[in-house]
Amino acid sequence: MPQIKIYQADDIPSPMRRVWHSFSDNPFAFAGLWVVICFLLLALFGPLIAPYAPEQQDPHALLLAPSWDPAGTVEHFLGTDDLGRDIFSRLLHGAHLTFGMALGIVTTALILGFLIGSISGMMKGLKSSILSHLLDALLSIPSLLMAILVVAVMGPGLDNVFWAVGIALTPQFVRAIHQAIHEELQKEYVTAAKLDGANPFQIFWYVIMPNVWDTVIIQVTLGISAAILDIAALGFLNLGAQAPSPEWGAMVSQGMDNLLTAPWTVTIPGIAILCSVLAINLVGDGLRSALSPTNN
């Protein structure tokens with residue numbers, strides 16, 4: 001049975017501390033947090049610590065195995081590809097592209113989703129109903145399919161991928177914030193605030209939003225993992241990053257021709273995608289559990 005903590009009146013932890021204690025008690029979520037921090041650091045400083053340039057070719061080290069293989073060398077820790085490019089260096093530069101771009105996309109989608117979702121959530125009647133049905137129609141289309149449609153119109157390339165994935169993820173943020181605000185408006189404490197004379201802005205910012213931030217935080221974690229998968233998928237389909245870009249999905253696509261003879265050219269960037277998405281999902285599940293009302 002879980003232990004019940006008893007606090008003195010002057011030692012009651014703040015809501016933030018209670019959330020952190022609940023989150024840190026989850027070993028999988030805590031481990032995922034450390035992995036996410038590592039990827040953040042790689043996205044920020046990876047290009048600075050990479051031993052080689054991502055496009056630098058070595059004709060004397062074609063398809064060199066990783067260093068733990070008897071045929072590998074320490075100079076190329078994770079081996080090389082069919083053009084003699086160092087996979088470890090490309091992986092570090094790819095973290096800056098894939099993981100860093102995902103953060104930028106989610107930030108943009110969050111800002112747009114917060115503005116549209118907040119305004120629509122405070123609406124009532126026909127306008128709110130129309131927007132709700134429109135969001136349901138947009139969300140019925142998978143984000144990857146919508147991103148492919150946008151890229152098909154705008155053309156391939158990292159810049160277009162940024163906007164394509166951002167457009168695909170924005171309806172999810174709009175829907176989550178719209179639904180959360182709409183549900184809070186039905187509660188009694190909002191009615192009490194209206195009776196006290198609070199104006200719509202005060203009700204929104206000081207009464208409703210403190211109870212909606214947990215939904216926003218959870219949606220951000222889900223959005224980052226979805227953005228990483230969409231960016232990598234578009235790169236794999238040659239609709240996103242183009243050769244010789246070290247984006248992780250493009251690296252997997254470029255290594256498919258050598259899958260049988262040099263499997264590390266595919267598995268290493270694939271493992272990077274898997275670990276980043278898994279770690280973010282573990283953090284999201286931990287936050288969802290920690291922010292649950294039963295834990296507060």
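**Contacts of a loop residue**

Guide: Leu239 touches Ile148, Val151, Pro156, Gly157, Val161 and Leu234, when residues up to four places away in sequence are not counted. Contact means heavy atoms within 4.5 Å. This is a predicted model, in which local features need pLDDT of at least 70 and side-chain atom pairs count only at pLDDT 80 or more, while totals for chains, interfaces and linings use all residues. Residues are numbered from 1 along each chain as its sequence is written, and side-chain values use heavy atoms, with hydrogens and water left out.

Visitor: Where does Leu239 lie?

Guide: Helices (H or I, at least four residues) and strands (E, at least two) are DSSP runs, numbered from the N terminus. Leu239 lies in the loop between H9 and H10. From Leu239 to Asp285 the separation is 46 residues in sequence and 31 Å in space, C-alpha to C-alpha.

Visitor: How many helices and strands does the protein chain have?

Guide: The protein chain has 11 helices and zero strands. The C-alpha trace spans about 80 × 55 × 30 Å along its principal axes.

Visitor: Which residues does the UniProt annotation "transmembrane region" cover?

Guide: UniProt positions are given in the numbering used here, feature names are shortened, and annotations may be inferred rather than shown by experiment. The unreviewed UniProt entry places "transmembrane region" at residues 28-50, 99-122, 134-155, 216-241 and 261-283. Two of these can be compared with the model. Residues 99-122 are 100% helix and 0% strand, with end C-alpha atoms 34 Å apart. Residues 134-155 are 82% helix and 0% strand, and there the end C-alpha atoms are 26 Å apart.

Visitor: Is Ser245 buried or exposed?

Guide: Buried means under 20% relative accessible area, exposed over 50%, and partly exposed in between (1.4 Å probe, protein chains only). Ser245 has a relative accessible area of 11% and is therefore buried. This serine is in the loop between H9 and H10. Its contacts, leaving aside neighbours within four places in sequence, are Arg90, Leu97, Leu158, Ala250 and Gln254.

Visitor: What of Pro244, in the loop between H9 and H10?

Guide: Pro244 lies in that loop and is partly exposed, with a relative accessible area of 39%. Leaving aside neighbours within four places in sequence, Pro244 is in contact with Glu55, Arg85 and Arg90. Pro244 and Leu115 are 129 residues apart in sequence and 37 Å apart in space, C-alpha to C-alpha. Leu239 is partly exposed as well, at 26%.

Visitor: How many disulfides does the structure hold?

Guide: A disulfide is a pair of cysteine sulfur atoms within 2.5 Å. The structure holds zero disulfides.

Visitor: Which values describe the chain as a whole?

Guide: Buried residues make up 45% of the 296 residues in the protein chain. Among contacts with a separation of 6 or more, residues 24 or more positions apart account for 69%. Accessible areas come from the Shrake-Rupley method with a 1.4 Å probe, and for residues only the protein chains shown count as cover. The chain exposes about 15900 Å², of which carbon and sulfur atoms supply 69%.
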